[in-house]
Structures are given as structure tokens and as C-alpha cells.
Amino acid sequence: MLRKGTLHAREPHALEDGSYLAVTLINRPPHGVMAWAGRLLPAAIDKPAAEIDLGDYVVSEKVSFSTWHDVWEYFAPREYAALIDQLHAEVDRLYPGE
């Protein structure tokens with residue numbers, strides 16, 4: 001479980017409407033991880049992860065998970081798969097063995 005903080009990943013290139021495909025994972029102890037996935041507004045692309053809020057997404061999906069496995073499994077077959085791979089690698093780096 002993410003011990004503290006927020007992790008965020010976004011595609012490097014804008015979509016046709018100027019937004020960016022993005023995923024934000026937020027620590028919610030003891031409940032797990034909240035995930036926001038969708039299209040991030042251009043004005044939010046330079047914000048630190050901890051400052052991104054749901055209002056920074058023009059279109060979003062909000063989902064809660066109890067375990068990392070659930071996060072990875074839920075997003076793996078979706079358009080967010082590459083972003084989730086980046087976040088998965090970050091979790092592995094930050095919290096080896098979890």
C-alpha cells in the first residue's frame with residue numbers, strides 16, 4: 001500500500017482537445033488507494049502530484065482499491081495501461097517487496 005503521498009503519471013503528448021491521458025493515485029490509509037484516471041486539463045500538467053485534484057480532470061473516473069494488485073489488474077486492459085506500468089514501477093522502486 002502507498003504509505004504516504006500521491007503518485008501521478010500522464011501521457012507526454014496532448015490529445016486532440018488539448019487534454020492529457022493521466023492517472024493519479026492517492027494514499028487513503030487505512031482504506032487503500034484512490035485512483036483518478038481520465039483526461040487532465042492542460043493547466044494542470046506542471047502541478048506537483050500532491051497538488052492535483054479531481055477538478056484538474058476534464059473527464060475522470062474515480063475508483064478505490066484495497067491492494068496494489070487490484071489497481072494493476074483493473075487498469076491493465078485499459079487505455080491507461082502504459083501509465084499504470086509507470087506507476088507500478090515507481091511503487092516497486094519506492095516500496096520494494098510490497
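Asp-56 touches Arg-39, Leu-40, Leu-41, Ala-44, Lys-47 and Glu-51, leaving out residues up to four places away in sequence; touching, or contact, here means heavy atoms within 4.5 Å. This is a predicted model, in which local features need pLDDT of at least 70 and side-chain atom pairs count only at pLDDT 80 or more, while totals for chains, interfaces and linings use all residues. Residues are numbered from 1 along each chain as its sequence is written, and side-chain values use heavy atoms, with hydrogens and water left out.

As for its place in the chain, Asp-56 sits in the loop between strand 3 (32-40) and strand 4 (57-65). Strands (E, at least two residues) and helices (H or I, at least four) are DSSP runs, numbered from the N terminus. With a relative accessible area of 10%, Asp-56 is buried; that word covers anything under 20%, with exposed meaning over 50% and partly exposed in between (1.4 Å probe, protein chains only). One of the residues that Asp-56 touches is Lys-47, and the side chains of this pair are joined by a polar contact of 2.9 Å. A polar contact is a pair of N or O atoms within 3.5 Å; within protein, one must be able to donate a hydrogen and the other to accept it, and residues adjacent in sequence count only if both atoms are side-chain atoms.

The strands themselves come next. Gly-38 belongs to strand 3 and, at 3% relative accessibility, counts as buried. Beyond four places in sequence, Gly-38 is in contact with Tyr-20, Leu-21, Ala-22, Tyr-57, Val-59, Ser-60 and Tyr-80. Over in strand 4 there is Glu-61, whose side chain makes a polar contact of 2.7 Å with the side chain of Arg-78. Other contacts of Glu-61, again skipping neighbours within four places, include Ala-35, Trp-36, Ala-37, Tyr-74 and Tyr-80.

Then there are the helices. Two packed helices are described by the angle between their axes and the distance between the axes. Here, the axes of helix 1 (residues 68-75) and helix 2 (residues 81-94) come within 9 Å and cross at roughly 160°, so helix 1 is roughly antiparallel to helix 2. Axes are lines fitted to C-alpha atoms, for helices over the stretch in contact, and angles run from 0 to 180 degrees between N-to-C directions; over 145 degrees counts as roughly antiparallel, under 35 as roughly parallel, 65 to 115 as roughly perpendicular and the rest as oblique.

Which residues do the meeting? Helix 1 brings Trp-68, Val-71, Trp-72 and Phe-75, and helix 2 brings Ala-81, Ile-84, Leu-87, His-88 and Val-91. Sorted by class, this contact has 8 nonpolar residues, 1 polar and no charged ones. Nonpolar covers Ala, Val, Leu, Ile, Met, Phe, Trp, Tyr, Cys and Pro, charged covers Asp, Glu, Lys and Arg, and the others, Gly among them, are polar.

Within helix 1, Trp-72 counts as buried at 12% relative accessibility. Setting aside neighbours within four places, Trp-72 is in contact with Leu-25, Ile-84, Leu-87, His-88 and Val-91, and a polar contact of 3.2 Å joins the side chains of Trp-72 and His-88. On the helix 2 side, Ala-81 is in contact with Phe-75 and Ala-76, neighbours within four places left aside. Gln-86, also placed in helix 2, counts as partly exposed at 44% relative accessibility.
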